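Please keep the sequence and the structure in view while reading the points below.

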Amino acid sequence: LLLIRSAMSHLKYLRYILLHKWYVFQECRKAGITWRGICHDLSKFRPDEWFPYLRKFYGTWPKQADLSVYEKTYFWPRTQEDIDFEFNEAWLKHIHRNPHHWQWYILKEDDGDAKCLPMSWGDMVEMLCDWRGAGKAQGFGDNTVKWYLEHKDKMRLHPQTRAWIEAQLGLTQ
């Protein structure tokens, strides 16, 4: 039963990733960056991203008492805190491996300040395609403008990057 439950979780997560990649690929093709659509988020298939994402979003894991010492040590974090920590580590790796995330362009300086660098054109376009693809994969359709308006104040974007994004979304005259 444990093996079946685990396999089903993996299949559900795989289905979501492939659906997301498909929608992002379609958006990238429309934008003329087909290769980026093909390569988009490939790092999510790496074990150090796959398993933490799986446990965070698809984790129907067994009780600790049902696990062997080996399983407790190597496969399942012991607490929700462990799962959250693992996911945060995986998310940090993901954004540093994939420059289409705006966080990749935040430069943390030695004095503690941070500055926003302008995103490259290709990364901005892929980021916008990613946002559109995510909404579609999650069943919301193209909710990119609504999503952006709800999240823009949390994003640290260089003024040039923000201006380009908002122009693409039809939010500027």
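From the N terminus on, the elements of the protein follow the order α-α-α-α-α-β-β-α-α-α. In total, the secondary structure comes to 8 helices and 2 strands. The model is a predicted one. Of the 173 residues in the protein, 38% are buried.

**Helix α6**

- Helix α6 covers residues 121-137, and 15 of its 17 residues are buried, so that the helix is mostly covered.
- After α6 comes Gly139, which has a positive phi, near 85 degrees.

**The packing of α6 and α7**

- Helix α7 is formed by residues 144-151, and its axis lies 9 Å from that of α6, at an angle of about 105 degrees.
- Because angles of 65 to 115 degrees count as roughly perpendicular, α6 is described as roughly perpendicular to α7.
- On the side of α6, the residues that meet α7 are Leu128, Trp131 and Arg132, while α7 contributes Thr144, Trp147 and Tyr148.
- Sorted by class, this contact of α6 with α7 has 4 nonpolar residues, 1 polar residue and 1 charged residue.

**The nonpolar cores**

- In soluble globular proteins, nonpolar side chains tend to be buried together.
- The largest nonpolar core in this model has 18 residues, and the members that touch the most others are Trp131, Tyr148 and Ile165.
- At least two residues of this core come from each of α1 (2-31), α6 and α8 (159-168).
- Helix α6 gives the most to this core, namely 6 residues.
- Another core, of 7 residues, lies apart from the largest one, and its members include Ile17, Trp50, Leu54 and Phe87.
- When neighbours within four places in sequence are left aside, Tyr148 is in contact with Trp131, Met155, Leu157, Arg162, Ile165, Glu166, Leu169 and Leu171.

- Glu27 has its place in helix α1.
- Is Glu27 buried or exposed? With 7% relative accessibility, Glu27 counts as buried, because the cut-off for buried is under 20%.
- Beyond its neighbours within four places in sequence, Glu27 is in contact with Cys129, Arg132 and Lys136.
- Ala31 also lies in helix α1, and its relative accessibility of 32% means that Ala31 counts as partly exposed.
- Which residues does Ala31 touch, not counting those up to four places away in sequence? They are Trp121, Val125 and Cys129.
- Ala31 and Val125 are 94 residues apart in sequence, yet their C-alpha atoms are 7.3 Å apart in space.

**Asp41 in a loop**

- Where does Asp41 lie? Asp41 is found in the loop between α2 (34-39) and α3 (47-58).
- The phi of Asp41 is positive, near 55 degrees, although this residue is not a glycine.
- The relative accessible area of Asp41 is 2%, and therefore Asp41 is buried.

How values were computed:
Residues numbered from 1 in each chain as written. Predicted model: local features only at pLDDT ≥ 70, side-chain atom pairs only at ≥ 80, totals over all residues. Heavy atoms only, no water. Axes fitted to C-alpha atoms, helices over the stretch in contact; angles between N-to-C directions. Helix = DSSP H or I, 4+ residues; strand = E, 2+ residues; numbered from the N terminus. Parallel < 35°, antiparallel > 145°, perpendicular 65-115°, else oblique. Contact = heavy atoms within 4.5 Å. Nonpolar A, V, L, I, M, F, W, Y, C, P; charged D, E, K, R; others polar. Core = buried A, V, L, I, M, F, W, Y, C linked by side-chain atoms within 4.5 Å. Buried < 20%, exposed > 50% of the residue type's maximum accessible area, 1.4 Å probe, protein only.
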